[in-house]
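I opened a new page for this structure and noted what I looked up, entry by entry. The sequence and the model come before the notes.

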Amino acid sequence: MSSSETLLNVSDLHVEVAGHDVLQGVTLEVPAGELHILMGANGSGKSTLGLALAGHPHYHVTSGSAQFGGQDLLALVPEARAQAGLFLSFQAPPDIPGVKNQLFIRTAMNAVRQAHGEKPLDGFDFLKTARATAKDLGLPAKMLARPVNDGFSGGERKRNELLQLALLHPKLAILDEIDSGLDVDGVRAVTTLVQKLRGEGMSFLIVSHYLQMIESLQPNAVHRMESGRIAESGDIELARGIAKTGYAHLAAAVEA
Ligand SMILES: Nc1ncnc2c1ncn2[C@@H]1O[C@H](COP(=O)(O)OP(=O)(O)OP(=O)(O)O)[C@@H](O)[C@H]1O
Ligand SMILES: [Mg+2]
């Protein structure tokens, strides 16, 4: 796929959650190989967009469309979306007690490999790669042997999401506030990993509230979400303007 092709094409997407119309016509394109930032006030619908695209069962698409690599994303079950190369890191990664982290990640990787007609990973090779990648991300190797996120600190959960991203190597990664809760080394690990993967052709939609992180990612585009829609799109200047003046005056301007 050339860099000018659209990888993700969301058009007039409406999503209902628990009886509320949260997304009210999201239209957004992410071309292959690009990194886009999604900003927006708390409650504007950023996480809802990620969860709806990943296929979370509580998020009901009521109208609109989403194409991913030319496929109808919304027609696919969540596993098939992951197999097609879509990855979502959660704002609040959940625990999965009783499921060993290394087994969880290996199973996910093998499901994607199987979908592409590749052989499952050898257990020894997987562990070697997983341990080396965890080390690069500042995650102690012993976290691989613990149940997924069970008792993990906030920052350890975020590093564990990065580990999954690095090992699964999707086509498009939606990272929902991956930087929140991370210490300075963790934030640096995000930037380093994202820039490495981007160099390998991966595309990103990254939700962040922090200008320093956004600046370091050198995005191709920045979008501002408001009340379940993309209200504005631009370049890094949009993020700089938001960091300077906040969201409240924008909402006031709409109400006036
Ligand atoms: N399960 C739910 N039940 C009721 N309301 C919900 C549910 N999930 C989301 N919402 C509402 O949808 C709106 C959008 O939420 P969402 O989590 O997408 O916001 P966000 O932009 O990610 O905010 P933040 O910056 O705080 O993470 C909020 O008003 C939220 O309360
Ligand atoms: Mg959110």
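This is a predicted model: local features need pLDDT of at least 70, side-chain atom pairs count only at pLDDT 80 or more; totals for chains, interfaces and linings use all residues.

**Strand pairing and the rest**

Residues are numbered from 1 along each chain as its sequence is written, and chains are lettered from A and ligands numbered from 1 in the order in which they are written.

**Entry: the sheet**

I looked up a second bridge and found that Thr6 has Pro31 in β2 as its partner. Strand β1 (residues 6-17) pairs with β2 in the antiparallel sense over 9 bridges. Two strands pair if DSSP finds at least two bridges between them; helices (H or I, at least four residues) and strands (E, at least two) are DSSP runs, numbered from the N terminus. I then asked in what order the strands of the open sheet stand. The order of the 4 strands is β2-β1-β4-β5, with antiparallel pairing. β2 (20-31) and β5 (71-72) are at the edges with a single partner strand each, so one side of each has no neighbour in the sheet.

**Entry: Ala18**

I checked the loop between β1 and β2, where Ala18 is placed. The hairpin of these strands has 2 residues between them. Phi of Ala18 is near 50 degrees, which is a positive value in a residue other than glycine. Is Ala18 buried or exposed? Ala18 is exposed, with 8 other C-beta atoms within 10 Å. For this label, a residue is buried if 20 or more other C-beta atoms lie within 10 Å of its own, exposed if 12 or fewer, and partly exposed in between, with C-beta atoms placed from the backbone.

**Entry: ligand 1**

I found Ala18 again beside ligand 1, among the closest of 13 surrounding residues, together with Asn42, Lys46, Ser47 and Thr48. To be near a molecule or strand, a residue needs its C-beta atom, placed from the backbone, within 6 Å of it. β2 and α1 (46-54) are the elements that give two or more residues to this shell. α1 gives the most, with 3 residues. By class I wrote down 3 nonpolar, 9 polar and 1 charged residues. Here Ala, Val, Leu, Ile, Met, Phe, Trp, Tyr, Cys and Pro count as nonpolar, Asp, Glu, Lys and Arg as charged, and the others, Gly among them, as polar.

**Entry: Leu51**

I stayed with helix α1, where Leu51 lies. Leu51 is buried, with 21 other C-beta atoms within 10 Å. Leaving aside neighbours within four places in sequence, Leu51 is in contact with His56 and Tyr59; contact means C-beta atoms, placed from the backbone, within 7 Å. Leu51 and Leu88 are 37 residues apart in sequence, and their C-alpha atoms are 7.6 Å apart in space.

**Entry: the core**

Which members of the largest nonpolar core touch the most others? Of its 60 residues, these are Phe87, Leu172, Ala173, Ile174, Phe204 and Ile206. A nonpolar core is a set of buried Ala, Val, Leu, Ile, Met, Phe, Trp, Tyr and Cys residues joined through C-beta atoms within 7 Å. I followed Leu172, whose contacts beyond four places in sequence include Leu7, Leu8, Val30 and Phe87.

The 14 residues of α4 should span 20 Å, and the end C-alpha atoms are 20 Å apart, which agrees. Phe124 lies in α4 and counts as exposed, with 8 C-beta neighbours inside 10 Å. Just after α4, Gly138 takes a positive phi of about 70 degrees.

For helix α5 (residues 154-168), the 15 residues should span 21 Å, and the end C-alpha atoms are 21 Å apart, in agreement. Buried residues in α5 include Leu162, Leu163 and Leu165. Among the elements that cover them are β6 (86-89), α3 (101-115) and α4. His169 follows α5 with a positive phi, near 50 degrees.

**Entry: Ser227**

I ended in the loop between β11 (221-226) and β12 (229-234), where Ser227 is found. Phi of Ser227 is near 50 degrees, again positive in a residue other than glycine. Ser227 counts as partly exposed, with 16 C-beta neighbours inside 10 Å.

Conventions:
Two residues are in contact if their C-beta atoms, placed from the backbone, lie within 7 Å. The expected span of a helix is 1.5 Å times one less than its number of residues.
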